[in-house]
Amino acid sequence: MMRLIFPLLAVALVSGCASTTSTEPQANSAYSDPRDPIEPFNRGVWDLNYDVLDAYILRPATVGYMTVVPKPARQGIANVVNNLDEPVNVVNALLQFKPRSAAIGTGRFVINSTLGLFGLFDVATALDLKEHDEDFGQSLAVWGVPHGPYVMLPAMGPGTARDVTGRLVDNLYFPANWLNTPLALTKAGLNILGAREQLMSSEQLLKESVDPYSFVKEAYFQRRAYEVHDGNPPAAEEDEAYLDDYLDN
C-alpha cells in the first residue's frame with residue numbers, strides 16, 4: 001500500500017507539530033546531523049522533488065483536480081482511500097498490543113464499508129469511532145527498532161530506514177495485496193492529490209522557512225514521534241543532545 005509517499009510532506013506540515021523555527025543548522029553550516037548521514041544526497045533529491053516534481057507536476061495536477069472535482073466529491077474519494085487503509089491500522093494496532101484501537105479500526109471498516117457505501121461516507125466518525133492511524137513503521141518503533149538514517153526518496157519524499165521498511169510491509173496487507181496494478185496506482189494517485197490539497201493552505205510556511213529541507217526534516221521527525229507515542233511523545237533526549245552539540249559549535 002502506497003499510503004505514505006510524497007504526501008508525507010503535506011501530512012507533516014498540516015499536522016501542527018512543526019514551526020518555522022528549526023533546530024537544524026542551515027545548509028552551509030559545518031554541523032552534521034547524526035540522523036542524516038547522507039545529507040548531501042538527500043538535499044539533491046529534495047531539490048528534485050520540490051523544485052521540479054512538485055512545481056511542474058504535482059501542484060499543477062492538484063490545482064486541476066481541485067478545479068474539476070467538487071469538494072464534496074473529493075471528500076468522498078478521500079474517505080474511500082482512507083477506508084481501504086483501515087485494515088492496515090487494525091493489523092498494526094494488534095502488533096502494538098492496542099486491542100481497543102484494533103477493535104475501533106475493525107468497526108470503522110465494517111461500518112464505512114456497509115453503511116458508508118464502500119467508504120464513500122465516513123459514518124464511523126459520526127458515531128464517534130475516530131480513526132487510529134497505525135503503520136508498520138510505528139510497530140517497529142514500539143518493538144524498539146531504531147529509526148535508522150533519514151532518507152529523501154525521489155517522488156516519495158522523506159523517510160527513515162525503519163519507516164521505508166514499514167511502508168513495504170504495509171503493502172502486503174488486505175486489501176492492498178488484492179489490488180491489481182491499475183487500481184493500486186489509481187489509489188496511490190488519489191492519495192497523493194488529496195494530501196497535496198491539504199498542503200495548499202500551509203505551503204507558505206515552507207516558502208518562508210530559512211532552510212526548507214531542514215524544516216521538512218524536523219517536521220517529519222516530530223510528526224513520527226507524535227504518531228509512535230499516540231500524541232504524547234517523551235522528551236527527545238537524542239534531539240536535545242544533537243542541539244547541544246550544534247550550539248557548542
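**Notebook: aromatic pairs, core and buried charges**

I began with tryptophan 46 and tyrosine 50, which both lie in helix 2 (residues 39-68), four residues apart, about one turn of the helix. Helices here are DSSP runs of H or I with at least four residues, strands are runs of E with at least two, and both are numbered from the N terminus. I noted that the model is predicted, that local features need pLDDT of at least 70 and side-chain atom pairs pLDDT 80 or more, and that totals for chains, interfaces and linings use all residues. Residues are numbered from 1 along each chain as its sequence is written, and side-chain values use heavy atoms, with hydrogens and water left out.

**Entry 1: the chain as a whole**

I found 11 helices and two strands in the chain. From the N terminus on, the order of elements is α-α-α-α-α-α-β-β-α-α-α-α-α. Of the 249 residues, 43% are buried; buried means under 20% relative accessible area, exposed over 50%, and partly exposed in between, with a 1.4 Å probe and protein chains only. I then looked up contacts (heavy atoms within 4.5 Å). Among those with a separation of 6 or more, 76% are between residues 24 or more positions apart.

**Entry 2: aromatic pairs**

I applied the ring rule: rings of Phe, Tyr and Trp (its six-membered ring) pair if their centres lie within 6.5 Å, and planes under 30 degrees apart count as stacked, over 60 as edge-to-face and the rest as tilted. The count comes to six aromatic pairs. The rings of tryptophan 46 and tyrosine 50 count as stacked because their centres are 5.0 Å apart and their planes are at 10°. Tryptophan 46 is buried, with a relative accessible area of 7%.

Tyrosine 150 and phenylalanine 221 form a tilted pair, 5.6 Å centre to centre with 35° between the planes. This pair links distant parts of the chain, since tyrosine 150 is in strand 1 (residues 150-153) and phenylalanine 221 is in helix 10 (residues 212-228), 71 residues apart. Tyrosine 150 is buried at a relative accessible area of 0%, and phenylalanine 221 counts as buried at 11%. I recorded Tyr150, Tyr213, Tyr220 and Phe221 as one aromatic cluster.

I also looked for a charge over a ring, which requires NZ of Lys or CZ of Arg within 6 Å of the ring centre and within 35 degrees of the ring normal. Arginine 35 lies over the face of phenylalanine 221, at 4.4 Å from the ring centre.

**Entry 3: the nonpolar core**

A nonpolar core is a set of buried Ala, Val, Leu, Ile, Met, Phe, Trp, Tyr and Cys residues joined through side-chain atoms within 4.5 Å. The largest has 11 residues, among them Trp46, Tyr50, Tyr150 and Phe221. Helix 2, strand 1 and helix 10 each supply at least two residues of this core. Helix 10 gives the most, with five residues.

**Entry 4: valine 151**

Valine 151 lies in strand 1 and counts as buried at 14% relative accessibility. Its C-alpha atom is separated by 7.2 Å from that of aspartate 36, 115 residues apart along the chain. Leaving out residues up to four places away in sequence, valine 151 touches Ile38, Asn42, Gly157, Pro158, Gly159, Thr160 and Val164.

**Entry 5: buried charged residues**

I searched for polar contacts, pairs of N or O atoms within 3.5 Å; within protein, one atom must be able to donate a hydrogen and the other to accept it, and residues adjacent in sequence count only if both atoms are side-chain atoms.

Glutamate 39 is found in helix 2 and is buried, with a relative accessible area of 14%. Its side chain makes a polar contact of 2.8 Å with the side chain of arginine 43. Beyond four places in sequence, glutamate 39 touches Asp33, Tyr213 and Lys217.

Lysine 187 lies in helix 8 (residues 181-199) and counts as buried at 8% relative accessibility. Its side chain is joined to that of aspartate 85 by a polar contact of 3.0 Å. The C-alpha atoms of lysine 187 and alanine 78, 109 residues apart along the chain, are separated by 9.6 Å.

Arginine 224 is found in helix 10 and counts as buried at 6% relative accessibility. A polar contact of 3.0 Å joins its side chain to that of aspartate 163.

**Entry 6: helix 4**

I noted Ser101, Ala102, Ile104, Gly105, Arg108, Ile111 and Asn112 as the buried residues of helix 4. Their cover includes helix 3 (71-95) and helix 5 (123-126).
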